Amino acid sequence: MSGGPASVNQLAQPLLQGLLRDAGRLRVSATHDDAGVQLLDAGIAATGGVEAGLRIAELCMGGLGEVRLAAAPHEGWPDWLQVRSSQPVLACLASQYAGWSLAASKEETGGKKFFALGSGPARALACKEPLFEELGYRDTSEHGVLVLEVDRPPPPVVVAKVLRDCALAASGLAIVLTPTASLAGTTQVVARVLEVALHRAHQLGFHLPDIIEGSGCAPLPAPGADMLQAMARTNDAILYGGQVHLTVSGDADAARALALALPAENSRDHGRSFGELFEQAGYDFYKLDGALFAPAEVWVSHLGSGKTWHAGRLHMELLRQWWQAA
């Protein structure tokens, strides 16, 4: 591909077709809703699995990233996810970041309220978040893929909103459903370790176009027994076990400042589990310290000077304490 920016939705299509082709082997259920939208269940009624989670993670990065499982004990933990991208800003912030708020009231659903944060390349079709203006990126495609961390399919009113905002026909939309407390869900959330670093870099005001390359890894826990425990484990995996290496251009002093400010240990709440903090905050994400949402350890390499700065460190002793049965 040459010329303009890549289409994350077009690049995601071969990955989607592979997921559909191998659905049986991956224990993923593929159906259509009444409107004709493709639904892929990777952990609600279907069993799913780690391989499905790896495929979904790459799909979520709009085909601009690679996600692998390193099944080799390291730091006292058996499985680690490895993520990399040569287009980290588009892959992570324009596609993978769960930033599209999708909600429906009881009246709209005719039953339970619905809320989910949409991630995946379809976000770049709708561009409902101010972030896209900063990125200067809008995708155009007749096909879109959205990933939802939910334990039930979205109601028709939400699906209709997605189709409308993305300007897609029903036949052009696929929605992947991955409950966090599932093998696939836990995998694809921990695979956001690089995205978490990009998001924090954005919060710190770093010039995003200067981020040229990115890679990261994080330990993969067993899925939690319920959604809250699963959320705690996947967040803790990144905050206390995540390692990220960014290669940047631009000002060398800015690169050094990024390295020093990025690790999660800069948060006032560092050292406590996400589950404990989330409960204390009344289960409101927005009351949590934003500095906590970052990898445990980072390296920032600067093109031009050849320098690399390092900050933070792993806290695997905390993760083993929280994850490992006595």
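**View 1. Contacts of Ala46.** Setting aside neighbours within four places in sequence, Ala46 is in contact (heavy atoms within 4.5 Å) with Arg27, Val28, Ser29 and Asp41. The model is predicted: local features need pLDDT of at least 70 and side-chain atom pairs count only at pLDDT 80 or more, while totals for chains, interfaces and linings use all residues. Residues are numbered from 1 along each chain as its sequence is written, and side-chain values use heavy atoms, leaving out hydrogens and water. Ala46 sits in the loop between strand S2 (38-41) and helix H2 (50-60); helices (H or I, at least four residues) and strands (E, at least two) are DSSP runs, numbered from the N terminus. Ala46 is buried, at 12% relative accessible area; buried means under 20%, exposed over 50% and partly exposed in between, with a 1.4 Å probe and protein chains only.

**View 2. Cys60 and Cys92.** The structure holds 0 disulfides (pairs of cysteine sulfur atoms within 2.5 Å). The cysteine sulfur closest to that of Cys60 belongs to Cys92, and at 9.8 Å it is too far for a bond. Cys60 is buried, with a relative accessible area of 1%, and Cys92 is buried with 0%.

**View 3. Gln188 in helix H8.** Gln188 lies in helix H8, residues 183-190, and is buried, with a relative accessible area of 0%. The side chain of Gln188 makes a polar contact of 3.2 Å with the side chain of Thr178, and one of 2.8 Å with that of Arg192. A polar contact is a pair of N or O atoms within 3.5 Å; within protein, one must be able to donate a hydrogen and the other to accept it, and residues adjacent in sequence count only if both atoms are side-chain atoms.
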